[in-house]
Amino acid sequence: METGNHSCGTDFSLVGLFQYGHMDTFLFILIAILFAVALIGNITLVLLIRLDRRLHTPMYFLLSQLSIIDMMYISTTVPKMTANFLSDTKAISFLGCVIQAFVFLTLGGSEALLLGFMSYDRYIAICRPLHYPVLMSRKICCSMVASAWSSSSINAFMHTVYVFQLPFCGSRMVNHFFCEVPSLLPLVCEDTSQYEHTVLVSGLVILLLPFLAILASYARVLVVVLQMGSGKGQSRAVSTCSSHLTVASLFYVTGLSTYTQPHSLHSPGRDKVVAVLYSIVTPVLNPFIYSLRNKEVMGALRRQMG
């Protein structure tokens, strides 16, 4: 098979959300607004947790880490995406594509694992409150965050190195709005079916296992809360758990649909819509889901505003 067109110095071109560029102005404004909202919401949450001593608890420490990841996560794709709305070339360098793919995989994996750890924190706080200071000590929280970052970085590094050493031939047109591993595989000159099995295993470990842990944790929490007998407390707990599960399901289900499907079942149009949900919508929703429905966070906001 011909592999002579493979070159580390050749740029890629990103098609964007729509191949023919209609609605670019509207999409530029919409995405820019979502980007600003995500940054403002997550920065506000991080500052509140940092400044208010009442929020210096394991739960809010993990939440601040989630906000930091979300800020970086949405910043990995949106700036280049919005710039391409105003550009005719839509090019991205080979090195830029490598960095974007690696950072995106690292941050996505870190968020998936961290959300699982956050559900474990809620499970311990409600179901085993007497053991909470021991099971969720500062050292254990830092270990959770470090393990999420390190494991996702190793996973991202292996996938990035493997994919970008493959021979790309013919068109360098990536039918996506950023460099994501599944969208790059159609450009490869050789059979990638064996590698797709590796992507499937990684997706199941990093996405499915934490999602199942979240479902199990919140199911146990709801059972304990419903046994307490307080009608107002029950309704509040059900409302909080349902909102957390909704935004978590949006992230995990869309991510799983991209990273556990074989290449033959992928549709570029559908993949781009799904990618918008887990790469842009989720970082916008997270700070509001975890703060606006939280009396402690809103109380801290009122205190900081005088």
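In which hand does helix 3 pass helix 7? I began with this pair, bearing in mind throughout that the model is predicted, and I found that helix 3 passes helix 7 in a left-handed crossing.

**Entry: helix 3 with helix 7**

I looked up the geometry of the pair and noted a packing angle of about 20°, with the axes of helix 3 and helix 7 lying 9 Å apart. Angles under 35 degrees count as roughly parallel, and helix 3 and helix 7 are therefore roughly parallel to each other. I then went through the residues in contact: on the side of helix 3 they include Gly109, Ala112, Gly116, Ser119 and Arg122, and on the side of helix 7 they include Ile206, Pro210, Ala213, Ser217 and Arg220. Sorting the residues of this contact by class, I recorded 16 nonpolar, four polar and two charged.

**Entry: helix 5 with helix 7**

I turned next to helix 5, which packs with helix 7 at an angle of about 165°, their axes being 12 Å apart. That makes helix 5 roughly antiparallel to helix 7, and the crossing of helix 5 with helix 7 is left-handed. In this contact Asn155, His159, Tyr162 and Val163 of helix 5 meet Tyr195, Thr198, Val199, Ser202 and Ile206 of helix 7. By class I counted five nonpolar residues, four polar and no charged.

**Entry: the largest pocket**

I then looked for open space, and for the largest pocket I noted a volume of about 530 Å³. It is lined by 22 residues, of which Met59, Arg122, Thr240, His244 and Asn294 are the closest to its centre. At least two lining residues come from each of helix 2 (58–85), helix 3 (94–127), helix 7 (193–226), helix 8 (231–259) and helix 10 (295–304), and helix 8 gives the most, with six residues. I recorded the lining of the largest pocket as 13 nonpolar, four polar and five charged residues.

For the second largest pocket I noted about 250 Å³ of space. Among the 14 residues that line it, the closest to its centre are Ile49, His56, Phe61, Ser64 and Arg138. Helix 1 (24–51), helix 2 and helix 5 (138–164) are the elements that give two or more residues to this lining, and the largest share, six residues, comes from helix 2. The lining of the second largest pocket divides into eight nonpolar, four polar and two charged residues.

Technical notes. Residues are numbered from 1 along each chain as its sequence is written. This is a predicted model: local features need pLDDT of at least 70, side-chain atom pairs count only at pLDDT 80 or more; totals for chains, interfaces and linings use all residues. Side-chain values use heavy atoms; hydrogens and water are left out. On a 1 Å grid over the protein atoms alone, a cavity is a set of points where a 1.4 Å probe fits but cannot get out, and a pocket is an open set with protein on both sides within 12 Å along at least five of seven lines; lining residues have an atom within 4 Å of a point. Grid points are joined across faces, edges and corners, and a volume is the space filled by probe spheres set on the points. Helices (H or I, at least four residues) and strands (E, at least two) are DSSP runs, numbered from the N terminus. Ala, Val, Leu, Ile, Met, Phe, Trp, Tyr, Cys and Pro count as nonpolar, Asp, Glu, Lys and Arg as charged, and the others, Gly among them, as polar. Axes are lines fitted to C-alpha atoms, for helices over the stretch in contact, and angles run from 0 to 180 degrees between N-to-C directions. Angles under 35 degrees count as roughly parallel, over 145 as roughly antiparallel, 65 to 115 as roughly perpendicular and the rest as oblique. A crossing is left-handed if the near helix is turned anticlockwise from the far one by less than a right angle, and right-handed if clockwise. Contact means heavy atoms within 4.5 Å.
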